[in-house]
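Reader: I am new to this structure. Please pick a single part and take a close look at it with me, then show what surrounds it.

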Amino acid sequence: MSAVAMLPDAETERPLLKVSRLSHYYGARLGCRDVSLDVYPGEVVAVVGESGSGKTTLLNCLAGRLTPTAGSVEFRMRDGRLRSLFGLTEAERRLLARTDWGFVHQNPAEGLRMTVSAGANVGERLMAIGDRHYGTIRATALDWLARVEIAADRIDDEPRSFSGGMRQRLQIARNLVTRPRLVFMDEPTGGLDVSVQARLLDLLRQLVADLGLAAVVVTHDLAVARLLSDRMLVMKDGTVIEHGLTDRVLDDPREPYTQLLVSSILQV
Amino acid sequence: MMDVDVNEAGLPRVVVSDPAAGFTPLSNSPPQGGRGPVGGLGEGGSETADLDGALSPLEGESGSGGEPPREGALGAVLDDDATLPTYSFAYLDEQTKRMIRRAILKGIAIPGYQVPFASREMPMPYGWGTGGVQVTAAVIGPDDVLKVIDQGADDTTNAVAIRGFFQKTAGVATTTRTGEATVIQTRHRIPERTLEAHQILVYQVPIPEPLRYLEPRETETRKLHGLEEYGLMHVKLYEDIARHGHIATTFAYPVKVEGRYIMDPSPTPKFDNPKMHRSKALQLFGAGREKRIYAVPPHTDVVSLDFEDHPFRIQSFSQPCALCAAEGVYLDEVILDDRGGRMFVCSDTDHCEERRAAGHRGALSGEAL
Ligand SMILES: Nc1ncnc2c1ncn2[C@@H]1O[C@H](COP(=O)(O)OP(=O)(O)OP(=O)(O)O)[C@@H](O)[C@H]1O
Ligand SMILES: [Mg+2]
């Protein structure tokens with residue numbers, strides 16, 4: 001049974017993340033402007049656009065890693081109340097980040113501890129929230145390594161000795177072990193070769209479905225958006241120029257820019 | 001503020017300027033006869049009595065009143081031998097000692113929290129207990145009796161040098177007897193004898209930050225302490241068990257103080273960790289190079305980190321001390337010859353001596369060392 005199926009209907013109908021008129025400027029330079037977006041439980045939203053269009057800026061604002069210049073980001077806490085991210089204390093925000101959220105970096109070295117074993121990488125969040133039973137932590141780590149297709153006998157190896165694809169899968173396991181409700185991913189398949197990418201995408205799709213995860217996935221690869229997401233935003237020059245169900249946007253793009261993107265890229 | 005030169009004993013001689021006179025050195029002349037270089041003071045008892053009050057570290061503090069500070073203290077010393085150049089009591093100037101005492105008080109108020117302090121240059125290299133020496137200098141008074149140990153022993157070079165330093169600069173009595181000491185400065189051990197309420201244990205600390213191993217950024221470790229995010233400490237213990245099948249950390253074993261701050265107990269063996277728990281004595285920690293002071297006030301909970309299924313355990317020794325037959329104490333291995341001969345003896349030399357004086361005999365106590 002997926003997490004979504006266990007939630008009362010009202011829960012899936014109320015947004016988990018609510019973003020209103022969000023802008024971020026780096027000094028005078030525009031990062032992103034006037035973005036509004038709701039993310040519902042169990043839903044995957046893709047953010048696509050060319051390089052420099054503001055995808056990472058937006059994602060970092062949503063995840064509380066950057067403070068927006070204007071606008072608001074609210075998250076529905078476990079008690080059902082929407083709270084403004086930037087009204088939380090840093091301690092609350094960090095607790096959220098290691099329990100209810102995940103953040104998958106494009107470069108796994110940023111999201112992993114490269115000098116501790118794979119098992120400890122997966123177990124860290126459990127220990128951070130108070131798990132004090134070594135046997136349980138290790139069993140959970142083994143279970144998660146299996147889910148992301150890392151052999152059990154690599155549990156005591158450091159990620160330094162892992163391939164790029166393995167590192168990315170380890171990063172995903174490390175993030176999902178606390179069963180977060182919302183996962184942010186920045187180009188999760190970037191920097192991997194095509195066959196490895198395809199396998200990782202399959203895995204992600206399956207995990208997202210199994211766990212009923214909500215996710216915001218940044219990518220400039222429309223194929224990734226097609227495979228993973230329910231809805232998508234198209235960004236250009238810091239603003240959202242088109243927004244809709246993924247199939248609709250890709251099959252029937254309305255904006256000339258999106259039409260150009262789809263016709264030039266998706267025909268492969 | 002100070003002139004430092006080195007006397008024949010190799011210890012620096014400090015000439016404190018008179019603050020009222022705009023920090024002009026009183027004298028630069030080398031010591032002449034009289035009291036120096038070491039000893040005499042304190043051990044005899046009568047001279048200690050003369051110094052009572054006069055050299056109280058709290059006396060000369062500037063602030064209230066308009067009189068030049070330290071007048072009384074300097075007077076007492078100069079009366080004794082007018083040609084003798086003078087030190088600040090216990091080497092450090094009064095302002096510095098006040099600054100260190102403020103850090104200590106803050107540390108006591110927030111048990112286990114690392115308080116930054118403006119660590120001074122001391123006449124010894126970092127790594128030789130400069131942090132501990134500064135803490136001792138700030139808390140010691142003329143009536144105190146000082147004991148200094150290094151790895152449990154009173155007679156190692158480092159311990160002897162620090163003891164001599166305070167004999168010379170503070171004129172305090174010293175002892176090797178744990179029971180007689182009021183201030184004990186230590187490197188790497190806690191005495192076996194249970195400490196009492198009137199005693200202060202001062203630890204020399206090389207690396208105060210227990211999170212350093214996994215998080216080298218100071219900005220981040222401070223945040224982790226502030227937010228009580230201590231998952232990383234268990235990551236380290238997890239790694240131990242994964243690699244060795246048990247928690248292999250035997251020194252500097254991390255503890256949680258009063259249910260809040262994670263603290264490095266300095267490189268004492270984990271054997272000593274339980275002695276910190278609810279100790280009646282005040283425990284102070286000084287890290288000179290890293291410029292941190294922290295404290296465990298009396299009767300404070302100090303709990304060693306562990307896992308439910310890998311609980312904290314202290315080392316145990318299969319045999320008693322070869323000299324005094326003590327059990328349940330921390331033993332050092334002593335190599336006897338180059339044919340593999342060895343024995344295990346108390347690391348706490350005073351404890352061993354007291355037991356032997358009381359008639360306890362170990363298996364090898366008849367043999368010459
Ligand atoms: N730290 C920064 N300081 C100043 N400007 C920045 C900073 N980070 C991003 N920008 C600018 O903000 C705009 C949006 O950048 P952002 O990184 O969000 O784009 P992106 O869509 O993620 O691009 P990419 O696909 O290349 O990762 C760009 O013009 C970029 O130059
Ligand atoms: Mg980017």
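**The contact between the chains**

Author: Start with one pair of side chains. Arg94(A) and Glu229(B) meet in a salt bridge, with 2.8 Å from N to O. Keep in mind that this is a predicted model. The cut-off for a salt bridge is 4 Å between such atoms, so the pair at 2.8 Å qualifies.

Now widen the view. Between chain B and chain A the count is five salt bridges. Polar contacts can be listed too. Across this interface, 12 residue pairs are in polar contact, with both residues at pLDDT 80 or more.

Which helices of chain B each supply at least two residues of the side that touches chain A? They are helix 6 (218-226) and helix 7 (231-244). Helix 7 of chain B gives the most to that side, with nine residues. By class, the side of chain B that touches chain A holds nine charged, nine nonpolar and three polar residues.

Next, the extent of the contact. Chain A puts in 22 residues, and chain B puts in 21. The size of an interface is often given as the accessible area lost when the parts come together. Here about 1,900 Å² is buried between chain B and chain A. Carbon and sulfur atoms give 57% of that area.

Turn to the fold of chain A. Chain A has an open sheet of six strands, in the order 6-7-8-3-9-10, with mixed pairing. Strand 6 (101-104) and strand 10 (239-245) of chain A each have a single partner strand, so they stand at the edges and one side of each has no neighbour in the sheet. From one strand to the next, the twist averages 15°.

Strands of a sheet pair through backbone hydrogen bonds, either parallel or antiparallel. Strand 3 (residues 44-49) and strand 9 (residues 231-236) of chain A pair in the parallel sense, over five bridges. Val47(A) has Leu233(A), in strand 9 of chain A, as its bridge partner. Helix 8 (residues 164-176) of chain A lies across strand 6 and strand 7 (182-186) of chain A. Helix 8 runs at about 165° to strand 6 of chain A.

Two loops complete the tour. Most residues other than glycine have a negative phi. Asp237(A) is not a glycine, yet has a positive phi of about 50°. Asp237(A) sits in the loop between strand 9 and strand 10 of chain A. In chain B, Ala325(B) has a positive phi of about 65°, and is not a glycine either. Ala325(B) lies in the loop between strand 13 (302-304) and strand 14 (331-335) of chain B.

Key
Residues are numbered from 1 along each chain as its sequence is written. Chains are lettered from A and ligands numbered from 1 in the order in which they are written. This is a predicted model: local features need pLDDT of at least 70, side-chain atom pairs count only at pLDDT 80 or more; totals for chains, interfaces and linings use all residues. Side-chain values use heavy atoms; hydrogens and water are left out. Two strands pair if DSSP finds at least two bridges between them. Helices (H or I, at least four residues) and strands (E, at least two) are DSSP runs, numbered from the N terminus. Axes are lines fitted to C-alpha atoms, for helices over the stretch in contact, and angles run from 0 to 180 degrees between N-to-C directions. Contact means heavy atoms within 4.5 Å. Buried area is the accessible area (1.4 Å probe) that two parts lose on being put together, summed over both. A salt bridge is a side-chain nitrogen of Lys or Arg within 4 Å of a carboxyl oxygen of Asp or Glu. A polar contact is a pair of N or O atoms within 3.5 Å; within protein, one must be able to donate a hydrogen and the other to accept it, and residues adjacent in sequence count only if both atoms are side-chain atoms. Ala, Val, Leu, Ile, Met, Phe, Trp, Tyr, Cys and Pro count as nonpolar, Asp, Glu, Lys and Arg as charged, and the others, Gly among them, as polar.
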